[in-house]
Amino acid sequence: MLNGLQTPDRIAELLVHLGRAARSEDAGSELTAAQWTCLRFFARANVSTRTPSAFASFQATTRGTASQIIKSLERKSLVTRTKSVQDRRSVFFDLTDQGNAMLAQDPLRDLIGVIDGLGSTERNRFLTTLSRLASVLAMRRDVPAFGTCQDCNHFGVSGGAAYCACMAAELAVEDIVKLCASHTPTRSGEEQGASA
């Protein structure tokens, strides 16, 4: 009888419901759900991933829609645009002080508080499971996986420093936990997902 409650469709429905409930902004919110997602994305992504095209992939939307969301945040002075030194045609975005202050009002803070109340073992298992689901779904749909360096196949240590083989560059300590569009799940993550 209890096994019927743990069906994959019920779990999927709960994940979608939880996502919608957590994203919903209250009546006094200054930002839409898409704007909140964009602000969070730029706060969590590494510099090479804080681009309009990476945000469009992350949000599973068109580049035009992503650009409109970003422009609305620029008009509110929550993000600032910087041209790439390597490629002057490319731009990346950073949160302004005002953008960082806005994150303190994030509608996700209630869900973050609930998750924070879980024990560390349960949180770690939950994160591992959700990361695996996201990676396998991305592989099935042939879209970027968006993960962090610490669980990426490109991550390594060279000469005592963290290193990204994809970018052929050393990583700053603070970048190891940031989202990356070049993320490739580790082999063990793929195998676990395939056997799930």
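Strand E5 (residues 161–164) and strand E6 pair in the antiparallel sense over 2 bridges. Within this pairing, Tyr163 has Glu170 of E6 as its bridge partner. The structure here is a predicted model, in which local features need pLDDT of at least 70, side-chain atom pairs count only at pLDDT 80 or more, and totals for chains, interfaces and linings use all residues. Residues are numbered from 1 along each chain as its sequence is written, and side-chain values use heavy atoms, leaving out hydrogens and water.

Two strands pair if DSSP finds at least two bridges between them. Helices (H or I, at least four residues) and strands (E, at least two) are DSSP runs, numbered from the N terminus.

Now for two helices. The expected span below is 1.5 Å times one less than the number of residues.

| Helix | Residues | Number of residues | First to last C-alpha | Expected span |
|---|---|---|---|---|
| H2 | 33–44 | 12 residues | 16 Å | 16 Å |
| H7 | 120–141 | 22 residues | 31 Å | 32 Å |

Is H2 mostly covered or mostly exposed? H2 is mostly covered, as 9 of its 12 residues are buried; among them are Trp36, Leu39 and Phe41. Buried means under 20% relative accessible area, exposed over 50%, and partly exposed in between (1.4 Å probe, protein chains only).

H2 also packs against helix H4 (residues 63–75) at an angle of about 80°, with their axes 10 Å apart. Axes are lines fitted to C-alpha atoms, for helices over the stretch in contact, and angles run from 0 to 180 degrees between N-to-C directions. H2 is therefore roughly perpendicular to H4, a term for angles of 65 to 115 degrees. The contact (heavy atoms within 4.5 Å) includes Ala34, Cys38 and Phe42 of H2 and Ile69, Ile70 and Leu73 of H4.

In H7, Ser135, Val136 and Ala138 are buried. Seen down the axis of H7, its buried residues fall within an arc of 160°, so they line one face of the helix. The face turned away from that buried side carries the exposed residues Arg125, Arg140 and Arg141. Just after H7, Asp142 takes a positive phi of about 55°.

Finally, Thr148 lies in strand E3 (residues 147–148). Thr148 counts as buried because its relative accessibility is 11%. Its contacts include Arg44, Ile176 and His183, not counting residues up to four places away in sequence.

Conventions:
The arc is that of the directions from the helix axis to the C-beta atoms. Angles under 35 degrees count as roughly parallel, over 145 as roughly antiparallel, 65 to 115 as roughly perpendicular and the rest as oblique.
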